[in-house]
Amino acid sequence: MTNTAMGSFSAPIEIRGLTKTFKAARAVNDLSFDVQAGSITGFLGPNGSGKTTTLRMLLGLVSPTSGSATINGTPMRLLSNPARTVGAVLDVGSLHPKRTALGHLEIYAAAIGTPTQRAAQVLDMVGLSSVGAHKTGTFSLGMRQRLILATAMLGDPEILVLDEPANGLDPEGMAWLRQFLQTFAGSGRTVLISSHALREVEATVDSVVIVSAGSLVYQGTMDELRRSQRSRLLVSCSNPALLATALAARGIIDAQITQDGRLAVGGTDTSVLPPVASAAGVTIFGVATEGADLEQLFLAMTTPQYAVPQVGYHRPPGPGSGPGYYGPAAYGPSGGHR
Ligand SMILES: Nc1ncnc2c1ncn2[C@@H]1O[C@H](COP(=O)(O)OP(=O)(O)OP(=O)(O)O)[C@@H](O)[C@H]1O
């Protein structure tokens, strides 16, 4: 626990019961999570799930309907030196197309009271020195993302908050961003990045906060998320329902008939199947092992219509106060395994 003049805090970013209701819709619903110092946290969810609205509330650009979002225990608007504490530019569209990259950075440097020379330094930091005199309107999306990052770095902040920074980056650009953020966080600083695709950031982030329709569905480390996966056996047989009953009699209750008529069985290995099937009079035609990838898991958590066919995972821990799954029935076809 750290104390400041404004109060105490346990993490550089603390979101508590954060809710935002626009006229017609609740964009963010009772959201709570922490972002720890030295971590790169992925803030993940499909389009329209409330990520940008949450980041805007964190940065003091939108007022919450209820709840709080604090930086070092303090609402952003009350920080004495916000640009030195948090580096954030949410909108790639904020770059004026007729302005040069260096000119853009110099204007921002002046706005936050940073010496002008810092503009060239951050341009170099993101590998854009050679195009500093070029107008941003000529930049690719990947170059604009680098410039946004340079802008966020102007105040040499402790915390970076980036909205979809991987959007538009090619694999080389993505590897560069990963290295940049890992070095930044490796010095004990803090990163929160949003993305609509877990796959895009899974090698970069060490923790994830996943939202769907404005609500938290999962939070935990990447290691915990990876451990929550499990492969299942997909059994083609003459009578899946009878085989499921026979397996249940042997204590193997994680068995469900998939949409294509196979029996998806978890928590066992292939050697168990032939004797059980034979005793029940069921013929097995074939067995495939399905391992789920993280993207399937992510889709199942955040998009109800994807939940049923994705069978090769099991439910992450939760709900509860620790890391884990918070979501409703949108998740997966199987009953919980834990
Ligand atoms: N100013 C606003 N007025 C009304 N509705 C809004 C406003 N801003 C956001 N919304 C709505 O709130 C919901 C969440 O939007 P938000 O932009 O926060 O989601 P997101 O996860 O960042 O999505 P995306 O990746 O598409 O930007 C959406 O339904 C959106 O239409």
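This is a predicted model: local features need pLDDT of at least 70, side-chain atom pairs count only at pLDDT 80 or more; totals for chains, interfaces and linings use all residues.

1. Once neighbours within four places in sequence are left aside, L177 is in contact with P165, A166 and L169. The residue itself sits in helix 6, which covers residues 171-186. Is L177 buried or exposed? It has 22 C-beta neighbours inside 10 Å, and because 20 or more is the mark for burial, L177 counts as buried. For a sense of distance, take P97, which is 80 residues from L177 along the chain: the two C-alpha atoms are separated by 23 Å.

2. Now for the overall layout. The protein contains 11 helices and 16 strands. Of its 338 residues, 43% are buried. If you take the contacts between residues at least 6 apart in sequence, 66% of them join residues at least 24 apart.

3. Please look next at helix 9 (residues 240-249) and helix 10 (residues 273-280). Their axes come within 9 Å and cross at roughly 115°. Angles of 65 to 115 degrees count as roughly perpendicular, and helix 9 and helix 10 are therefore described as roughly perpendicular to each other. The crossing of helix 9 past helix 10 is right-handed. On the helix 9 side the contact is made by L242, L243, A246 and L247, and on the helix 10 side by V276, A277, A279 and A280. Sorted by class, this contact has eight nonpolar residues, with no polar and no charged ones.

4. A280 deserves a point of its own. This residue is found in helix 10, and, with residues up to four places away in sequence not counted, A280 touches L242, L243 and A246. From A280 to G67 the separation is 213 residues in sequence, and 57 Å in space from C-alpha to C-alpha.

5. Helix 3 (residues 101-111) and helix 4 (residues 117-125) pack with their axes 8 Å apart, at an angle of about 125°. That angle makes helix 3 oblique to helix 4. Here again the crossing, of helix 3 past helix 4, is right-handed. A101, L102, L105, E106 and A109 in helix 3 meet R118, A119, A120, V122 and L123 in helix 4. The residues of this contact divide into eight nonpolar, no polar and two charged.

6. Finally, a word on backbone geometry. Most residues other than glycine have a negative phi. N72 has a positive phi, near 50°, and is not a glycine. You will find N72 in the loop between strand 6 (66-71) and helix 2 (82-85). Is N72 buried or exposed? With 21 other C-beta atoms within 10 Å, N72 is buried. S231 lies 159 residues from N72 along the chain, and the C-alpha atoms of the pair are separated by 41 Å.

7. Where is A213 placed? This residue is in the loop between strand 10 (207-212) and strand 11 (215-221). A213 has 21 C-beta neighbours inside 10 Å and so counts as buried.

Definitions and conventions: Residues are numbered from 1 along each chain as its sequence is written. Axes are lines fitted to C-alpha atoms, for helices over the stretch in contact, and angles run from 0 to 180 degrees between N-to-C directions. Helices (H or I, at least four residues) and strands (E, at least two) are DSSP runs, numbered from the N terminus. Angles under 35 degrees count as roughly parallel, over 145 as roughly antiparallel, 65 to 115 as roughly perpendicular and the rest as oblique. A crossing is left-handed if the near helix is turned anticlockwise from the far one by less than a right angle, and right-handed if clockwise. Two residues are in contact if their C-beta atoms, placed from the backbone, lie within 7 Å. Ala, Val, Leu, Ile, Met, Phe, Trp, Tyr, Cys and Pro count as nonpolar, Asp, Glu, Lys and Arg as charged, and the others, Gly among them, as polar. A residue is buried if 20 or more other C-beta atoms lie within 10 Å of its own, exposed if 12 or fewer, and partly exposed in between; C-beta atoms are placed from the backbone.
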